[in-house]
Amino acid sequence: MARATKAEALETRSRILDAAEDVFHRQGVARTSLAEIAQAANVTRGAIYWHFKNKLELFNAMCERVRLPMVEMVRESAEGTGDDPLGQLQVTCLFVLRETAVNPHARKVFAILFHRCEYSDTAQEFIALQQDTLNTGARNIERTLKNAVAHGQLSPDLDTKLAAILFHASWRGLLSNWLISPESFDLARDAQRLVDACMDSLQQAPSLRRSAG
């Protein structure tokens, strides 16, 4: 009986997260209330508060459900546990792009993060969460590039901070542009070549060398 109750609770939590995706995506984060999410999930507000203490915690759980595998992949390459940090970074970027193209949950969550999380006085906590995630991602990419330099995969003269800024902005920009206009290019088909081009810039661009500064 307890097992069935736990299963039901997990199913309700999943249904709430699905509803949050739909309503946030349709209305934006700032204009969405927990009452509207509860209605979309066909649960009471009390059921939402049983799983999440507030809208920010629900928003974060919705993001983490999609983002956690990607974050773990980036962290693995940043921590230097393998002997191919550049290859790990490439695999991670390909996974993120292709997952966004084919997984409806990933597509909606990234669309919310990039385009439906309004900058307003009422959304400061959500914006701060976004900024922290963005900064952490950029730092992990820089650590990965330093590991790649240490493994001889990139030039010892690479400006890893500048290269990380460019690389991070490039794949975030690909996601953002495709989410605005999916018909403008085939993300799933072109992901490999696009990521390869980013990798080429890390290995070959003279402007990313410290000597260029």
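**Close-up views of a helical chain**

**View 1. Helix α8 and the elements that cover it.** The cover over the buried residues of α8 includes α5 (85-102), α6 (104-116), α7 (124-150) and α9 (187-204). Helices (H or I, at least four residues) and strands (E, at least two) are DSSP runs, numbered from the N terminus. Buried means under 20% relative accessible area, exposed over 50%, and partly exposed in between (1.4 Å probe, protein chains only). Contact means heavy atoms within 4.5 Å. The model is predicted: local features need pLDDT of at least 70, side-chain atom pairs count only at pLDDT 80 or more, and totals for chains, interfaces and linings use all residues. Residues are numbered from 1 along each chain as its sequence is written, and side-chain values use heavy atoms, with hydrogens and water left out. Among the buried residues of α8 are Phe-167, His-168, Trp-171, Leu-175 and Trp-178. The expected span of a helix is 1.5 Å times one less than its number of residues. For the 21 residues of α8 (residues 160-180) this gives 30 Å, which agrees with the 30 Å between its end C-alpha atoms.

**View 2. The whole chain as context.** The chain has 9 helices and 0 strands. Its C-alpha atoms fill a box of roughly 60 × 40 × 35 Å, taken along the principal axes. Of its 213 residues, 42% count as buried. Among contacts between residues at least 6 apart in sequence, 73% join residues at least 24 apart.

**View 3. Helix α5 and its cover.** The 18 residues of α5 should span 26 Å at 1.5 Å a residue, and the end C-alpha atoms are 26 Å apart, which agrees. Its buried residues include Pro-85, Leu-86, Leu-89, Cys-93, Val-96, Leu-97 and Thr-100. Among the elements covering the buried residues of α5 are α4 (55-78), α6, α7, α8 and α9.

View 4. Thr-100 lies in helix α5 and counts as buried because its relative accessibility is 0%. Leaving aside neighbours within four places in sequence, Thr-100 is in contact with Ala-106, Arg-107, Phe-110, Leu-175, Trp-178, Leu-179 and Leu-187. Glu-99 is also found in helix α5, but at 22% relative accessibility Glu-99 counts as partly exposed. Not counting residues up to four places away in sequence, Glu-99 touches Met-70 and Ala-106.

**View 5. The crossing of α5 and α7.** The axes of these two helices come within 8 Å and cross at roughly 145°. On the α5 side the contact is made by Pro-85, Leu-86 and Leu-89, and on the α7 side by Ile-141, Thr-144, Leu-145, Asn-147 and Ala-148. These residues divide into 6 nonpolar, 2 polar and no charged. Axes are lines fitted to C-alpha atoms, for helices over the stretch in contact, and angles run from 0 to 180 degrees between N-to-C directions. Ala, Val, Leu, Ile, Met, Phe, Trp, Tyr, Cys and Pro count as nonpolar, Asp, Glu, Lys and Arg as charged, and the others, Gly among them, as polar.

**View 6. The annotated segments.** An unreviewed UniProt entry places the feature "domain: HTH tetR-type" at residues 10-70. Over residues 10-70 the chain is 80% helix and 0% strand, and the end C-alpha atoms are 22 Å apart. The feature "DNA-binding region" is placed by UniProt (unreviewed entry) at residues 33-52. UniProt positions are given in the numbering used here, feature names are shortened, and annotations may be inferred rather than shown by experiment.
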